[in-house]
Amino acid sequence: MNLISAFQPIGFGATVNTVVGAAATSITLPNLASDMGIVRLVNVGTQTVFVSFTGAATVATGMPILPNAVEFITFPASYTISAIAAAAGSTLYATFGNGK
């Protein structure tokens with residue numbers, strides 16, 4: 001039987017953030033020794049934030065994260081997340097770690 005372990009941040013400074021508005025902005029994840037982990041994305045604010053892991057985010061093609069929502073995504077270490085919203089009003093927090 002596989003047990004689901006609780007999410008644990010990796011290292012000091014594992015959380016980074018950016019204010020998200022109508023222009024795409026980037027978050028660079030910390031350079032960690034782990035090859036793969038989980039990124040906990042938290043959208044704090046009033047706007048839906050759209051994220052992309054493969055280039056500049058757009059409202060039309062990005063993955064939506066609803067206001068005040070939390071998402072967990074499997075992600076390689078040392079990558080950049082791009083984020084955009086229809087207007088100002090949200091901050092996106094990204095924490096790199098393990099577990100769910």
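Leaving out residues up to four places away in sequence, L41 touches V51, F53, I65, A69, V70, E71, I73, I81, L92, Y93 and A94, where contact means heavy atoms within 4.5 Å. The model in which these contacts occur is predicted: local features need pLDDT of at least 70, side-chain atom pairs count only at pLDDT 80 or more, and totals for chains, interfaces and linings use all residues. Residues are numbered from 1 along each chain as its sequence is written, and side-chain values use heavy atoms, with hydrogens and water left out.

The protein chain contains zero helices and nine strands; helices (H or I, at least four residues) and strands (E, at least two) are DSSP runs, numbered from the N terminus. Its order along the sequence is β-β-β-β-β-β-β-β-β. Of contacts between residues at least 6 apart in sequence, 80% join residues at least 24 apart. The mean pLDDT of the protein chain is 86, and 84% of the residues score at least 70; pLDDT is the predictor's confidence in each residue, from 0 to 100. Among the elements, strand β1 (residues 8-9) has the lowest mean pLDDT, 80, and β6 the highest, 96.

Of the 100 residues in the protein chain, 41% are buried. Here buried means under 20% relative accessible area, exposed over 50%, and partly exposed in between (1.4 Å probe, protein chains only). The accessible surface amounts to about 5500 Å², and 58% of this surface belongs to carbon and sulfur atoms. These areas come from the Shrake-Rupley method with a 1.4 Å probe; for residues, only the protein chains shown count as cover.

In soluble globular proteins, nonpolar side chains tend to be buried together.

One of the partners of L41 is V70, a residue of strand β7. V70 and L41 are 29 residues apart in sequence, yet their C-alpha atoms are 5.6 Å apart in space. With neighbours within four places set aside, V70 is in contact with R40, L41 and V42. V70 counts as partly exposed because its relative accessible area is 38%.

Strand β8 is mostly covered, with five of its six residues buried. Four bridges join β8 to strand β3 (residues 25-28), and the two run antiparallel; two strands pair if DSSP finds at least two bridges between them. In this pairing, T25 stands opposite A83. β8 also pairs with β5 in the antiparallel sense over four bridges. There, the bridge partner of V49 is A85, and that of S52 is S82.

β5 is in turn joined to β6 by three bridges, again in an antiparallel arrangement, and V51 stands opposite M63. In a regular strand the side chains alternate between the two faces of the sheet. In β5, V49 and V51 point one way and F50 and S52 the other, and all are buried.

Two serines show how polar side chains are placed in buried positions. S52, in strand β5, counts as buried because its relative accessible area is 12%. A polar atom of its side chain lies 3.1 Å from the backbone oxygen of G55. A polar contact is a pair of N or O atoms within 3.5 Å; within protein, one must be able to donate a hydrogen and the other to accept it, and residues adjacent in sequence count only if both atoms are side-chain atoms. Beyond four places in sequence, S52 is in contact with A57, T80, I81 and S82. S90, in strand β9, is buried because its relative accessible area is 3%. The side chain of S90 reaches the backbone nitrogen of Q47 at 3.0 Å. Its contacts beyond four places in sequence include T18, V19, V20, N43 and V49.

N68, by comparison, lies in the loop between β6 (63-65) and β7 and counts as exposed because its relative accessibility is 57%. Most residues other than glycine have a negative phi, and most peptide bonds are trans. The phi of N68 is positive, near 60°.
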